[in-house]
Every structure is written in C-alpha cells, then in structure tokens.
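I opened a new notebook page for this one.

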Amino acid sequence: MILSMTGFGKASLQLPTKKITVEIKSLNSKGLDLNTRMPSVFREMELSVRNQISQRLERGKVDFSLFVEVTGEETSSKINVPIVKGYIQQMKAVIPNADETELMKMAVRMPDALKTERDEMDENEWKQIQIVIDEALENIIQFRKDEGASLEKEFQLRIANIEKFMKDAVSYDTERVETVKTRLRTALEEIKVSVDENRFEQELIFYLEKYDITEEKVRLTNHLHYFLETLKGTEANGRKLGFITQEMGREINTMGSKSNHSEMQKLVVQMKDELEKIKEQVLNVL
C-alpha cells in the first residue's frame with residue numbers, strides 16, 4: 001500500500017484556562033523539509049517536536065503549527081502601576097484641573113504602561129500537548145493513506161492503459177512487415193531490376209530486425225508488472241516507482257523510434273501521455 005506525501009492533520013485540547021490546537025500540513029518534497037511555528041514559551045521543546053514528527057513523517061514539506069488560545073481570565077499582561085501613576089502625576093503638573101478618568105485613559109496608552117510577564121512552561125501541560133501532537137500525526141497519516149489509496153487506483157488504470165496500447169501496437173506488426181515488403185518490391189519493379197529472391201529475403205530480414213520491437217515489448221511488460229508489485233509493498237517506495245517510470249519511458253521511446261507505421265506511432269503517443277500522468281502523480285508518493 002502506498003502513502004501520499006500530501007496530507008493534513010489537526011487535533012486540539014481544552015485546558016482550564018487555554019485551548020491548544022495543533023495543525024500539521026504536508027506537500028511533496030525530496031526529503032523531510034520541516035517548518036515549525038509555536039509560542040516562545042515552548043521554543044525549548046522544538047527539537048523534541050522535530051524528532052517526534054520526523055519519526056512518523058519520513059518525507060515531505062511539512063508545516064507544523066501550535067496555537068494557544070487563552071480562554072480563562074488569566075492574562076500574561078499586567079498594568080505597570082508605578083509607571084502609570086508616574087504618568088498621571090506628570091500630566092497633573094501640566095494640566096492641574098484635568099479629569100482623573102481622562103488622565104488614566106491617556107496614561108495606559110503611554111510606553112511601558114503594560115508589562116508582560118514571561119510564562120514558564122508547565123511540564124505536565126507539555127505532556128498533554130505531546131499527546132495532541134501524536135493525535136494530529138495520526139490524523140495526517142490517515143489522510144496520507146486515503147490519498148495513497150486514490151493514487152493506487154489511478155496508477156492501476158494508467159498501467160492497464162499502457163499495456164493495452166502496447167498490445168494494440170504489436171498487433172500491427174504483421175501488417176507493417178507486409179507493408180515494407182510491398183514497398184520494397186514496388187520500388188524494385190519501378191526501376192526494372194531483377195533480384196535474387198533468397199538475397200532479397202535475407203536483406204529484408206536484416207532490414208526488419210532493426211525495427212523489431214519484441215525486446216522492447218518484453219522489457220516494458222516486465223516494468224509494468226514490477227510497478228504494480230511495488231505498489232503493494234509495505235515500505236516507502238516513491239523513489240523506486242520514479243526509477244521504474246524512467247525505465248518505462250526508455251522502452252516506450254525506443255518503440256516510437258522503431259515504429260515506422262502511423263497507427264503504431266499514434267499508440268506510442270498515447271502510451272507517453274499515460275506515462276506522463278503517472279510521473280506527475282509519482283512525485284506525491286512517499
């Protein structure tokens with residue numbers, strides 16, 4: 001079973017005074033390209049988070065986000081009382097009869113009127129957050145499995161199409177041989193040259209061997225079957241599938257260069273089109 005590198009996972013946790021939400025998104029990439037976003041209070045745990053993610057998500061461009069929403073009455077911002085009182089006293093000296101309420105409104109807008117106390121990380125709280133991260137990872141892995149199942153069906157369809165087009169192309173082989181024979185005989189008759197039949201057959205066989213596609217057909221068939229076998233593997237196989245598609249492309253191109261027959265060349269073009277669709281999707285396979 002194959003996995004897609006595209007995925008999304010989300011999980012959340014409601015604590016007494018805050019809500020923790022974890023989101024993980026991934027797209028295709030050659031390796032693991034991990035970007036993390038989290039509040040500064042949890043920054044010291046970034047390496048632990050990276051290890052936790054890399055063990056579960058082997059490849060992909062991964063964006064990890066940890067959001068904290070304060071839902072209780074507690075806040076880390078406090079009024080800096082001495083500073084605010086100082087501002088009020090200074091403004092009273094300038095405007096002796098000013099209203100106290102208006103002076104307060106002005107004072108709290110002044111620089112340093114609010115102070116932010118640095119939160120300390122709670123170990124027990126972090127253990128709960130790690131469980132949420134695991135839950136989000138489970139969700140994104142399930143998403144990847146579902147996407148992988150869709151990709152597998154797509155691959156099976158495209159491989160079946162290539163195999164059908166290949167068989168249709170091979171069916172023109174006998175007709176192609178007869179066409180070559182007729183063309184050569186007609187050319188000889190037009191120039192009124194008598195030829196030795198045995199020599200003519202030998203030269204014809206030599207000529208046709210250069211355009212024989214039997215070897216390419218056998219190799220392409222093997223590659224198609226190997227591709228389907230690899231799809232059923234249990235390990236990450238995106239790179240292997242990419243290598244197989246390259247080999248398939250070589251055989252199809254060689255068949256095209258040898259197919260001196262219009263209908264065969266049309267079928268080769270259709271095979272190439274199906275292969276390009278496979279290549280595009282293989283880039284998303286883990």
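**Entry 1**

I started with Glu216, which is buried at a relative accessible area of 4%. My cut-offs for that word: buried is under 20% relative accessible area, exposed is over 50%, and partly exposed is in between, with a 1.4 Å probe and protein chains only.

A note on what I am looking at: this is a predicted model, where local features need pLDDT of at least 70, side-chain atom pairs count only at pLDDT 80 or more, and totals for chains, interfaces and linings use all residues. Residues are numbered from 1 along each chain as its sequence is written, and side-chain values use heavy atoms, with hydrogens and water left out.

I found Glu216 in helix H7. Helices here are DSSP runs of H or I with at least four residues, strands are E runs of at least two, and both are numbered from the N terminus.

What does Glu216 contact, leaving aside its neighbours within four places in sequence? I listed Glu251, Thr254, Met255 and Lys258. Contact means heavy atoms within 4.5 Å.

Next I checked charges. Glu216 makes a salt bridge with Arg219, with 4.0 Å between the closest N and O atoms. The rule for a salt bridge is a side-chain nitrogen of Lys or Arg within 4 Å of a carboxyl oxygen of Asp or Glu. Both residues sit in helix H7 (residues 214–231), three residues apart, or about one turn of the helix. Arg219 is partly exposed, at 32% relative accessible area. I also noted a network: Glu215, Glu216, Arg219, Glu251 and Lys258 are joined by salt bridges that share partners.

How many salt bridges does the rule give? I wrote down 19.

I looked up the one between Glu274 and Arg158, whose side chains meet at 3.1 Å, N to O. Glu274 belongs to helix H9 (residues 262–282) and Arg158 to helix H4 (residues 123–170), so this pair ties together parts that are 116 residues apart in sequence. Buried or exposed, I asked of Glu274? Glu274 is buried, with 7% relative accessible area. Arg158 is buried as well, at 15%.

Then I turned to Arg50 and Glu46, which form a salt bridge with the closest N and O atoms 3.3 Å apart. They are four residues apart in helix H1, so about one helical turn separates them. Arg50 is partly exposed, its relative accessible area being 28%.

I stayed in helix H1 for Ser48. Ser48 is partly exposed, with a relative accessible area of 25%.

How do the strands pair up? Strand E3 (residues 32–37) and E4 are parallel, over six bridges. Leu32 has Gly60 in E4 as its bridge partner. Strand E2 (residues 18–27) and strand E4 (residues 60–70) are antiparallel, over ten bridges. There I found Thr21 opposite Phe67 in E4. Two strands count as paired if DSSP finds at least two bridges between them.

**Entry 1: out on the surface**

Ile79, Val81 and Leu114 make a nonpolar surface patch of about 280 Å². Patches take residues with over 30% relative accessible area and no salt bridge; like charges are joined within 9 Å and nonpolar side chains (Val, Leu, Ile, Met, Phe, Trp, Tyr) within 5 Å. Leu114 is in strand E6 (residues 114–116), and at 55% relative accessibility it counts as exposed.

Ile131, in helix H4, is exposed too, at 58%. Ile131 and Leu13 are 118 residues apart in sequence, yet 9.3 Å apart in space, C-alpha to C-alpha.

**Entry 2: the whole chain**

I finished with totals. The chain has nine helices and six strands, and buried residues make up 36% of its 286 residues. Of the contacts between residues at least 6 apart in sequence, 79% join residues at least 24 apart. The accessible surface is about 17,500 Å², and 51% of that belongs to carbon and sulfur atoms. Areas come from the Shrake-Rupley method with a 1.4 Å probe, and for residues only the protein chains shown count as cover.
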